[in-house]
Amino acid sequence: GCSGPQTTDQWFSVLIAPGLGAPANNSTMTGSNVTLVAQDYGSGWNHIFRIAPAGQLDTAAASDYPSGGANSFTVNFLEPGVYDWAAISCIYAQSACSRRMLVGRFTLAPPSAPTVTQAPANGAASGTLTPTFSVSPMTLSDGTRAHYEVQLADSPDFTNVLWTATTPSDQPVTVQAGQLRSGQAVYWRMRSVDPGYSESAWTS
């Protein structure tokens, strides 16, 4: 394997931005998983990918990921933020590595608030103690499906939550029997949640 990043006069071109279907440099993505892609030189090569919060590639905040001979590596469960990443290309047989090349910067954003498709009408009697909620399915930039969280409360500040549930965005959710009582004023709200537990703003 590569003995570590060494300065040589070998230079290798690298793709301009993280993978995920070729987003542009300085792009904004959703989801918690990012695939970094370097040029594929064939067998005998290894790539080391480095990722860090913006401006911190040369600090202890950076993390290095050897690709194990592949030309890509997926970093999982990143938190929302702005990131810089770079790649180093190494030849197994010679233990020689290229200079580090700063490749790009991307922003990982939390999911957007869900689009509600089914919920009790605002200010109206629901006609049922077990109302159903649903939202438009949401697929994130990394190909994962967002979930959505529903909360019910007895006041608009949601200090006393009566019921909450989280479910995939392509599935409806129905309030369980016994959670609400007839004549009760109930407030509801929803938010999106990605697989890394980043959350959108609540619906208003």
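Reader: In what order do the three strands of the open sheet containing E12 stand, and what is the sense of the pairing?

Author: Strands are DSSP runs (E, at least two residues), numbered from the N terminus, and two strands pair if DSSP finds at least two bridges between them. Here the order is E12-E11-E14, and the pairing is antiparallel. The model is predicted: local features need pLDDT of at least 70, side-chain atom pairs count only at pLDDT 80 or more, and totals for chains, interfaces and linings use all residues. Residues are numbered from 1 along each chain as its sequence is written, and side-chain values use heavy atoms, with hydrogens and water left out.

Reader: Which strands are the edge strands of this sheet?

Author: An edge strand pairs on one side only; here these are strand E12 (161-168) and strand E14 (187-193). Strand E11 (residues 147-153) pairs with E12 over seven bridges in the antiparallel sense. Within that pairing, proline 168 of E12 is the bridge partner of histidine 147.

Reader: How many residues does the largest nonpolar core have?

Author: A nonpolar core is a set of buried Ala, Val, Leu, Ile, Met, Phe, Trp, Tyr and Cys residues joined through side-chain atoms within 4.5 Å; buried means under 20% relative accessible area (1.4 Å probe, protein chains only). The largest such core has 13 residues, and Val34, Leu36 and Trp85 are among those with the most contacts inside it. Strand E6 (81-91) is one of the strands that supply at least two residues each; E6 gives the largest share, three residues. A second, separate core of eleven residues includes Tyr148, Trp163, Val173 and Leu180.

Reader: Which residues lie nearest the centre of the largest pocket?

Author: On a 1 Å grid over the protein atoms alone, a pocket is an open set of points where a 1.4 Å probe fits, with protein on both sides within 12 Å along at least five of seven lines; lining residues have an atom within 4 Å of a point. Of the 27 residues lining the largest pocket, Pro120, Ala124, Val186, Tyr187 and Trp188 lie nearest its centre. E14 contributes the most to this lining, with three residues.

Terms used:
Helices (H or I, at least four residues) and strands (E, at least two) are DSSP runs, numbered from the N terminus. Buried means under 20% relative accessible area, exposed over 50%, partly exposed in between (1.4 Å probe, protein chains only).
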